[in-house]
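I opened this model to look up its pocket, its aromatic rings and a few side chains. The notes follow in the order I took them.

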Amino acid sequence: DMKTLSVPYIHVDDFKAVEDISSKLDHVHQELINITPWSAFPYKPELAFAMAYGDQAVFLKFYVEEKHIRAIYSEPNDPVYKDSCVEFFVSFGDEKGYYNFEFNCAGTCLLSFGEERSNRIMLGDELIKSIATRSSIKPANSKGSNIGWELILSIPFSAFHYHQFKSLKGKKCRANFYKCGDDLPEPHFVVWNDIKTEEPDYHRPEFFGSVEFN
């Protein structure tokens with residue numbers, strides 16, 4: 001059951017204007033990230049994302065509510081997956097290589113490219129710093145002691161370093177979206193498109209869903 005997502009175009013004057021992008025994304029369809037494939041890790045935060053694209057960038061907004069948040073890491077390519085972390089893995093066309101964008105709740109990014117979990121190429125600080133981010137803590141909608149947070153991302157086409165995109169219009173890609181937090185009191189692994197492996201493993205492009213830029 002491969003999920004499919006149709007990504008709308010939105011016009012923005014400045015792809016770094018995250019406030020503007022954020023309010024536009026609030027009007028875009030939200031996709032739930034709500035599958036916990038591994039029974040050893042049952043905890044499931046409340047989680048959704050909205051995605052759009054413009055003339056120069058891909059826009060993502062994650063909406064999260066969870067029991068604990070943590071943001072220890074502050075430098076590009078730090079192990080942000082140990083913090084409260086959301087992730088976007090993407091490959092274009094039928095290519096084997098995929099990018100993994102991983103962000104903690106403070107917006108610190110780990111970014112690499114490759115065909116599998118091993119032998120990945122870490123992308124540089126300058127490239128990572130070209131991604132506009134804004135994170136905010138919000139009161140949670142749900143009852144109980146959850147903490148709400150949102151992360152807005154504007155990923156310029158140039159961040160897809162091994163591709164020279166002038167436009168994404170009509171392009172197809174394959175992607176998955178995740179939430180984790182390896183060093184949190186309740187480690188968890190939540191996915192958008194189901195992954196059928198024995199152990200938690202996000203580096204499985206064969207389980208990516210289908211995404212098209214409209």
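Entry 1, the pocket. For this I took a pocket to be an open set of grid points with protein on both sides within 12 Å along at least five of seven lines. The model is a predicted one. I looked up the largest pocket and found about 300 Å³ of space in it. I then listed its lining, which comes to 17 residues. Those that lie nearest the centre are Y81, E87, E102, R117 and H203. I also checked which elements give two or more residues to this lining, and they are β5, β6 (98–104) and β7 (109–114).

I counted the ring pairs and got 25. Buried or exposed, I asked of F89? F89 is buried, at a relative accessible area of 0%. Y178 is buried as well, with a value of 0%.

I next followed the ring pairs into a cluster. It links F49, F62, F88, F92, Y99, F101, F113, F160, Y162, F165, F177 and W192.

F165 has 14% relative accessibility and so counts as buried, since the limit is under 20%. Leaving out residues up to four places away in sequence, F165 touches F92, F157, F160 and K171.

I found the charged end of R120 over the ring of Y98, at 4.1 Å from the ring centre.

What does the side chain of N176 reach at 3.4 Å? It reaches the backbone oxygen of F207. A polar atom of the N176 side chain also lies 2.9 Å from the backbone nitrogen of N193. N176 sits in strand β11 and is buried, with a relative accessible area of 0%. Not counting residues up to four places away in sequence, N176 touches E87, F88, F89, W192, N193, I195, F207 and F208.

Conventions
Residues numbered from 1 in each chain as written. Predicted model: local features only at pLDDT ≥ 70, side-chain atom pairs only at ≥ 80, totals over all residues. Heavy atoms only, no water. Phe/Tyr/Trp six-rings, centres within 6.5 Å; stacked < 30°, edge-to-face > 60°. Buried < 20%, exposed > 50% of the residue type's maximum accessible area, 1.4 Å probe, protein only. Lys NZ or Arg CZ within 6 Å of the ring centre and 35° of its normal. Helix = DSSP H or I, 4+ residues; strand = E, 2+ residues; numbered from the N terminus. Polar contact = N/O pair within 3.5 Å; in protein donor to acceptor, adjacent residues only side chain to side chain. Contact = heavy atoms within 4.5 Å. 1 Å grid on protein atoms, 1.4 Å probe; cavity = no way out; pocket = protein on both sides within 12 Å on 5 of 7 lines; lining within 4 Å. Points joined across faces, edges and corners; volume = space filled by probe spheres on them.
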